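Biologist: I'm new to this one. Could you show it to me and take my questions as they come?

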Amino acid sequence: MGTLIDKFDEHDGPVRGVHFHCSQPLFVSGGDDYKIKVWNYKLHRCLFTLLGHLDYIRTVQFHHENPWIVSASDDQTIRVWNWQSRTCISVLTGHNHYVMCALFHPKEDLVVSASLDQTVRVWDISSLKRKNASPADDLMRLSQMNTDLFGGIDAVVKYVLEGHDRGVNWASFHPTLPLIVSGADDRQVKLWRMNDTKAWEVDTLRGHMNNVSCVMFHAKQDIIVSNSEDKSIRIWDATKRTGIQTFRREHDRFWILAAHPEMNLLAAGHDSGMIVFKLERERPAFVVSGDSLFYTKDRFLCSYEFTTQRDTQILPFRRPGSLSLNQSPKTLSYSPTENAFLLCSDVDGGSYELFCITRDNYGRGDSQDAKKGQGGSAVFVARNRFAVLEKSNNQVLIKNLKNETVKKSALPVATDAIFYAGTGNLLCRSEDRVVIFDLQQRIVLGELQ
């Protein structure tokens with residue numbers, strides 16, 4: 001709901017990293033006061049502070065299973081802490097500039113880190129697990145003591161990934177595949193692959209105009225999300241490795257991204273706050289007419305009859321291979337007497353498709369017969385007439401079922417969408433109001449701020 005629930009102010013100065021525990025009512029924070037604090041948000045208080053870093057702390061993260069926290073700092077180290085015993089159990093050294101980010105692998109005993117020394121490092125922390133296991137088997141502990149006596153190491157660098165030309169701000173693992181994505185001050189997003197013995201660069205995604213501050217794989221879709229000081233968030237197709245979508249702000253640089261663990265929500269922090277957003281609309285385009293519900297699902301226009309509960313695929317409407325983000329139809333308009341359908345989507349900057357199908361042809365219809373056109377939105381305004389919004393000229397074109405323009409009409413307000421408002425009438429939506437417009441008389445019948 002976008003309302004402030006609580007405020008925790010014990011850090012001195014900026015707080016750069018925060019992370020919630022996956023099952024306990026805890027979160028951890030790290031800041032420019034060199035302190036890591038673990039909080040219980042139900043008790044509304046800081047439980048304890050972990051001290052050890054000698055400079056700003058950039059990121060903090062809980063481990064998904066073990067009672068560990070990983071932290072990255074400008075003191076050029078990464079530290080792993082046991083938050084139950086409240087001790088530092090490992091210091092990972094090797095970077096020779098600020099460490100901007102360090103994250104645990106979601107399943108394996110690995111940590112990935114990004115640094116302004118232009119490298120991404122992958123660390124093997126499997127020995128930490130053995131060393132900090134519960135004191136179960138004495139023999140195992142004895143043998144472990146021997147390796148410790150003879151120079152056993154907690155965490156070792158497994159790979160050093162070199163390829164960025166400037167400092168690296170972020171690196172993160174893919175949730176299931178052996179992939180890493182990184183973003184840097186060279187304005188590039190890089191994709192890396194690893195196996196048991198080596199790691200290598202797979203591809204570079206170019207498009208950001210300034211430092212890339214954060215980048216991540218989407219948990220469920222095959223996409224990469226990145227944000228940047230160029231005031232944009234970009235969505236990339238992870239398989240084709242091309243840009244799909246860009247979201248821009250006027251004045252604010254983006255710094256950090258987070259994904260909700262269950263819901264299809266992302267959040268991005270910028271200079272003056274944050275936004276919470278979805279990548280695409282989940283509600284399908286639909287229209288109810290009499291006993292039928294017409295709706296779009298995947299690549300089909302479908303009909304559902306309420307009385308018989310019969311679900312029918314009427315026709316396929318999209319060429320295969322164009323199922324990228326937000327390409328599915330946004331609205332559906334229907335003329336019952338002509339059994340005609342208008343599907344509108346954001347493809348090519350806004351377009352519509354018109355289908356006229358006889359009921360006997362349900363399931364046998366072909367999208368090749370569709371009549372197509374450009375337009376912000378299109379709706380039926382009469383039995384055999386529909387209106388198409390031309391945003392550039394702020395006018396509507398009235399068309400017949402052959403898709404021929406029979407009339408043009410300028411609109412009374414700067415309109416970004418049109419809706420049916422009774423035969424011959426349009427509801428026009430502008431930024432701060434809606435008006436009902438009579439297309440015959442070209443007059444405003446009503447207005448609502």
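Biologist: How do you know what confidence the protein chain has?

Modeller: From pLDDT, the predictor's confidence in each residue, from 0 to 100. The protein chain averages 90, and 92% of the residues score at least 70. Residues 137–152, though, are below 50. Where pLDDT is low, the predicted coordinates should not be read in detail.

Biologist: Where does UniProt place the "repeat: WD" feature?

Modeller: The unreviewed entry puts it at residues 8–49, 50–91, 92–133, 161–202 and 205–246; such annotations may be inferred rather than shown by experiment. Residues 8–49 come out as 0% helix and 52% strand, and residues 50–91 as 0% helix and 57% strand. Helices (H or I, at least four residues) and strands (E, at least two) are DSSP runs, numbered from the N terminus.

Biologist: What makes β36 and β37 a pair?

Modeller: Two strands pair if DSSP finds at least two bridges between them. β36 and β37 (residues 425–429) have four, in the antiparallel sense, so they count as a pair. A417 stands opposite R429 in β37.

Biologist: And why do β36 and β39 stand at the edges?

Modeller: The open sheet runs β36-β37-β38-β39. β36 (417–420) and β39 (443–448) each have a single partner strand, so one side of each lacks a neighbour in the sheet.

Conventions: Residues are numbered from 1 along each chain as its sequence is written. This is a predicted model: local features need pLDDT of at least 70, side-chain atom pairs count only at pLDDT 80 or more; totals for chains, interfaces and linings use all residues. Side-chain values use heavy atoms; hydrogens and water are left out. Contact means heavy atoms within 4.5 Å.
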